[in-house]
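Q: I have a model open and want to learn how to read it feature by feature. Where do we begin?

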Amino acid sequence: MTTEQLVADAGTGLDGAIRVAELRQNYGAFEAVRGISFEVRSGELFALLGTNGAGKTTTMEVLEGYARPAGGSVEVLGLDPVRDRRALRPRIGIMLQEAGFLGDLTVAETVAMGLGLVADTGRTPMDGDPLAAVGLTGKARTRVRQLSGGEKRRLDLALAILSRPEVLFLDEPTTGMDPAARQATWKVIGDLRERGTTVLLTTHYLEEAERLADRLAIMHGGLIHTYGTVEEVVATTGDQISFRLPYSVEDLPVVGGAAPVVRYAEGRTEAAYTVYGGTERSHAALRPLLSWADRHELTLERLEVRPGTLEDVFLRVVEESK
């Protein structure tokens, strides 16, 4: 998607919970965010992906109202996150990369303090036990400083959802969690989305984004390089057809409109094709390849057809940006 399309998308959706248009943000002479635009629609989960230093957390900080943008504009629920902070804060939940807990309080005392803050805003707290929601019921009497890193992340999530927020910001929510805790956290996030909460998520776990996100953007070097649904983004990378041959071959065919990428190693030919157009086109590309192999009386060892993945797209963005 082009920059012009991104700007148009960020400015025209009537149901946009979050709108970002030509956002720029600097740290001194360093331009951390270089004019990005996107929209998060009401009730969807949008994943903001990227390498370390891509500008994801900086973007989140602007949207959460912790910093004014150096250029461009942002809106959350139709409000300016800095100018309208008092009106906006009760309506959003925030899970930062690192939370500032009081280590000597117990988990239950920390949640009670959070519920008091929610009551002060006039919001109705979430139904049910917040500790049960994040799997920390058994840690209620444990002091926060005694929790593991993953348990602290779950406590942070419990605090972020206490007020039943309309928009929830999650910055690397499952860092430090074991697989079971990650699965439980995904369920909490999924339940919130089903109830209409809009979620903006950053994560380094690509399978997390692939499983949870309705749409996503991949950032690198302060810019958005690709943007769309998971299916749309993955489709830009194509399927991979690969195989080995017992010796070097000079006349490998073009299949599915793709020329082979060939590597010779230890007397063998390793070849790979990238075929665009989905699984049906990739399967169709196998027929001329197998016919070519039959004519040359060759066996295609380790023949594999692998669908493109979000990781393929991510790595391509990084490589093309060097």
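A: We begin with one residue in this predicted model. R302 has a relative accessible area of 63%. The cut-off for exposed is over 50%, so R302 is exposed.

Q: Where is R302 placed?
A: R302 belongs to strand 13. Check its backbone too. Phi of R302 is near 55 degrees, which is a positive value in a residue other than glycine.

Q: What is phi of E297?
A: It is near 55 degrees, again positive in a residue that is not glycine. E297 sits in the loop between helix 10 and strand 13.

Q: Is E297 buried or exposed?
A: Exposed, because its relative accessibility is 74%.

Q: Now strands. What is the general idea?
A: In a regular strand, side chains alternate between the two faces of the sheet. Then look at burial and at partners. Take strand 10, residues 239-245. Five of its seven residues are buried, so the rest of the structure largely encloses this strand.

Q: In which sense do strand 10 and strand 12 pair, and over how many bridges?
A: The sense is antiparallel, over seven bridges. Strand 12 covers residues 268-275.

Q: How many bridges join strand 10 to strand 13?
A: Four, and these two strands also run antiparallel. Strand 13 spans residues 301-306. Here I241 has V305 as its bridge partner. Strand 13 is also the place of R302.

Q: How should I read a helix?
A: Check its length, then its faces. Helix 10 covers residues 279-295, 17 residues in all. From first C-alpha to last it reaches 25 Å. That is close to the 24 Å expected at 1.5 Å a residue.

Q: Which residues of helix 10 are buried?
A: S282, A285, L286, L289, W292 and A293. Seen down the helix axis, the buried residues fall within an arc of 130 degrees, so they line one face of helix 10.

Q: Which residues are exposed on the other side of helix 10?
A: E280, R287, D294 and R295 are exposed there.

Q: How many residues line the largest pocket, and which lie nearest its centre?
A: The lining has 22 residues. Nearest the centre are I92, I94, L117, L159 and A160. Strand 5 (92-95), helix 4 (107-121) and helix 6 (149-160) are the elements that give two or more residues to this lining. Helix 4 gives the most, with six residues.

Q: What is the lining of the largest pocket by class?
A: It has 14 nonpolar, six polar and two charged residues.

Q: What is the volume of the second largest pocket?
A: About 340 Å³. Its lining residues include M126, D127, R164, K187, D191 and R195. By class, this lining has six nonpolar, one polar and five charged residues. Helix 7, residues 179-194, gives the most to it, with four residues.

Q: Is P179 buried or exposed?
A: P179 lies in helix 7. With a relative accessible area of 63%, P179 is exposed.

Q: How far apart are the C-alpha atoms of P179 and E109?
A: They are separated by 27 Å, and the two residues are 70 residues apart along the chain.

Q: Is P130 buried or exposed?
A: The place of P130 is in helix 5, residues 130-133. P130 is at 8% relative accessibility, so it counts as buried. The cut-off for buried is under 20%. For a distance, take P130 and E210: 80 residues apart in sequence, 26 Å apart C-alpha to C-alpha.

Q: Let us zoom out. How many helices and strands does the protein have?
A: Eleven helices and 13 strands. Along its principal axes the C-alpha trace spans about 80 × 45 × 35 Å. Of the 322 residues, 47% count as buried.

Terms used
Residues numbered from 1 in each chain as written. Heavy atoms only, no water. Buried < 20%, exposed > 50% of the residue type's maximum accessible area, 1.4 Å probe, protein only. Pairing = 2+ DSSP bridges. 1 Å grid on protein atoms, 1.4 Å probe; cavity = no way out; pocket = protein on both sides within 12 Å on 5 of 7 lines; lining within 4 Å. Nonpolar A, V, L, I, M, F, W, Y, C, P; charged D, E, K, R; others polar. Points joined across faces, edges and corners; volume = space filled by probe spheres on them. Expected span 1.5 Å × (residues − 1). Arc of directions from axis to C-beta.
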